[in-house]
Amino acid sequence: MKLVSFLTSEGQRPHFGALIAGDTEVLDACSVGAELPEPATYGDWFDLASESQRALRELHAALLSDASLLEDLRGRGAILPRGAVRLTAPVPRPGKVLCIGLNYRDHAKEGGVEVPEAPLIFSKFPTSVTGPEHEVRLPLESEKVDYEAELGVVIGREAFGVPVGHAREHILGFTIVNDVSARDFQFGDGQWQRGKSCDTFAPTGPFIVTTDELADPHSLRISFRLNGETLQDSNTDQMIFGVDELVSYISRTITLEPGDVIATGTPPGVGFARKPPIWVRAGDRMEVEIEGLGVLANPVVVTPVGRDRSGTPRGS
Ligand code: ZN
């Protein structure tokens with residue numbers, strides 16, 4: 001199943017659902033009615049233990065073989081053409097966004113750096129999350145904004161002290177993250193938080209592929225294109241710590257909750273490591289592609305003076 005969050009023409013509250021009919025239509029889980037009860041909070045949609053997740057999976061499976069059910073739901077406005085909705089990040093406001101530094105063998109080799117003995121963990125604030133085709137806004141004070149193509153892991157079941165062999169049971173699915181980074185902030189501040197967490201610096205999506213449909217996340221081609229030119233091209237088989245090891249390692253000391261996102265590190269070819277370096281500019285188009293997970297594309301703009309990330313004048 002490909003899980004999505006999206007806005008309809010009716011308002012700014014995200015709806016949850018799944019792509020159907022060869023990804024041409026969206027099942028709107030928030031408009032089905034009694035067969036598919038909405039959970040108490042939006043975040044509960046990401047909980048594999050929730051009744052809503054179970055009912056959504058059941059309905060999705062039934063749609064594959066029941067044409068009259070499809071017609072019925074279309075008639076009730078619970079199935080919409082994909083073009084009629086605007087996708088947001090599949091988890092619009094995760095509780096945590098955890099990132100892994102230096103997790104690709106070929107990237108470590110490129111930088112002449114030792115392969116780390118344990119995962120290097122850092123974070124991006126939830127307010128940095130944005131969706132596919134949403135604008136990434138360059139901060140006015142930064143001149144060195146960079147891209148990082150990454151496989152994203154979405155947690156589906158609370159995890160604390162989970163052994164590697166059981167980690168997969170705590171994963172809802174996989175998505176794409178672009179770990180956008182202001183290198184001048186990152187390396188100038190003495191720590192990475194601001195450079196990694198600017199508004200719009202965590203584009204995520206376009207959807208979550210559930211684990212039952214993606215058995216092996218460690219053999220996927222991963223690439224990044226800037227204005228159509230390929231600048232990163234590797235495979236997740238180059239990851240030093242796999243997704244199960246990462247979930248297990250983090251859960252030793254940090255409770256992972258449904259909807260938390262782990263960005264698992266980037267392959268070689270990022271802008272700052274190039275000679276000469278490549279920085280992202282206003283007017284650029286960034287695209288991250290991962291085999292089976294689609295393309296996460298974002299246009300780049302300058303943050304308008306005096307306006308917040310939604311374009312609203314500050315202070316209003
Ligand atoms: Zn990264």
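A salt bridge is a side-chain nitrogen of Lys or Arg within 4 Å of a carboxyl oxygen of Asp or Glu. By this rule the count here comes to 22 salt bridges, and the views below visit some of them. The model is predicted, so local features need pLDDT of at least 70 and side-chain atom pairs count only at pLDDT 80 or more, while totals for chains, interfaces and linings use all residues. Residues are numbered from 1 along each chain as its sequence is written, and side-chain values use heavy atoms, leaving out hydrogens and water.

**View 1. D260 pairs with K96.** The closest N and O atoms of this salt bridge are 2.7 Å apart. The two partners sit 164 residues apart: D260 in the loop between α6 (243–251) and β17 (261–263), and K96 in the loop between β5 (86–87) and β6 (97–101). Helices (H or I, at least four residues) and strands (E, at least two) are DSSP runs, numbered from the N terminus. D260 is buried, with a relative accessible area of 1%, whereas K96 counts as partly exposed at 21%. Here buried means under 20% relative accessible area, exposed over 50%, and partly exposed in between (1.4 Å probe, protein chains only).

**View 2. R74 meets E25.** In this salt bridge the closest N and O atoms are 2.8 Å apart. R74 belongs to helix α2 (residues 67–75) and E25 to strand β3 (residues 25–28), so the pair ties together parts that are 49 residues apart in sequence. R74 is partly exposed, with 31% relative accessibility, while E25 is buried at 11%.

**View 3. E148 reaches K196.** Look here for a salt bridge whose closest N and O atoms are 3.4 Å apart. E148 lies in the loop between β10 (145–146) and β11 (149–155) and K196 in helix α5 (residues 193–197), so parts 48 residues apart in sequence are tied together. Both partners are buried: E148 has a relative accessible area of 9%, and K196 has 1%.

View 4. The protein donors are E148 (OE), E150 (OE) and D179 (OD), lying 1.9 to 2.1 Å from the zinc ion. Donors are N, O and S atoms within 2.8 Å of the metal (3.2 Å for Na, K and Ca); water is not among the atoms, so sites may look incomplete. Along the sequence, the donor residues follow the spacing E-x1-E-x28-D. E150 is buried, at 1% relative accessibility.
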